[in-house]
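Hi everyone, thanks for making time this morning.

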Amino acid sequence: MTNEKLNIGIILGSTRQGRVSPQVGEWVKEIADKRGDANYEIIDIADFELPFLGTTDGSEPGIAAWSEKIFSLDGFVFIVQEYNHSISGSLKNALDIAVREAWGNKAAGIVSYGGAGGVRAAEHLRGIFGELQIAGVKTHPLLSLFTDFENFTTFKPADLHFENINLMLDQVVAWSGALQPLRK
Ligand SMILES: Cc1cc2nc3c(=O)[nH]c(=O)nc-3n(C[C@H](O)[C@H](O)[C@H](O)COP(=O)(O)O)c2cc1C
């Protein structure tokens, strides 16, 4: 273990034009930055312009940059939105296309949203965590498109979520630190 702060990536799971995920990611980062216990960074899948896995020769610079970015992180917070009862295609592709060793022995929390809190998408993601050796923490803040957003577009989170975000971050930081020896 070192005394250096851990690097935790807040991954925006949607690349849809007009997406609400940046608002949610920025809110999580604002809460996280106030803690001072880790370096928190928003990671936008859209910035990497990832092709769909297997449809190119794999030489696009974004693919290597994406794996490098994931390797550089100690843990994750996934901002997850529900698409047809699962995660978005762009998040699944991003999970599949990175070098698989980049994900393993790291902890992750989920902040999800949807008509039913995005819970079905989040549970699908937990299954993927198992295959990638990502340790998913228990506390899972659920946001409602009906009550935490105005007109399904402007994010206005209820106060009650604040405590859960901090609990989830406590767990992500603790487990990301505890798994450090396995990442050496
Ligand atoms: C193709 C599609 C499928 C969707 N399926 C669901 C769903 O199964 N459950 C749900 O709660 N919301 C569903 N939604 C609503 C999205 O969760 C909502 O649009 C949300 O804002 C998407 O996140 P984003 O804006 O960050 O991309 C769906 C939206 C689209 C476009």
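Let's begin with strand 1, residues 6-12, which is mostly covered: of its seven residues, five are buried. Please keep in mind as we go that this is a predicted model.

Now, which strands does strand 1 pair with? One partner is strand 2, residues 38-44; the two run parallel and are joined by seven bridges. If you'd like a pair to find on the screen, look for I10, whose bridge partner in strand 2 is I42. Strand 3 is another partner, again in the parallel sense, with five bridges between strand 1 and strand 3. Here you can look for G9, which has F76 as its bridge partner in strand 3.

How do we get from strand 1 to strand 2? Helix 1, residues 21-35, belongs to the picture here: together with strand 1 and strand 2 it makes a β-α-β unit, and that unit is right-handed.

Next, the ligand. How many residues surround the ligand? There are 13, and the closest are S14, S21, Q81, G114 and G115.

Finally, a word on confidence. The chain has an average pLDDT of 97, and 98% of the residues score at least 70. Among the elements of the chain, strand 3, residues 75-81, has the highest mean pLDDT at 99, while helix 6, residues 180-183, has the lowest at 97.

Technical notes. Residues are numbered from 1 along each chain as its sequence is written. This is a predicted model: local features need pLDDT of at least 70, side-chain atom pairs count only at pLDDT 80 or more; totals for chains, interfaces and linings use all residues. A residue is near a molecule or strand if its C-beta atom, placed from the backbone, lies within 6 Å of it. pLDDT is the predictor's confidence in each residue, from 0 to 100. Helices (H or I, at least four residues) and strands (E, at least two) are DSSP runs, numbered from the N terminus. A residue is buried if 20 or more other C-beta atoms lie within 10 Å of its own, exposed if 12 or fewer, and partly exposed in between; C-beta atoms are placed from the backbone. Two strands pair if DSSP finds at least two bridges between them. A crossover is right-handed if, with the strands pointing away from the viewer, the path from the first strand over the helix to the second runs clockwise.
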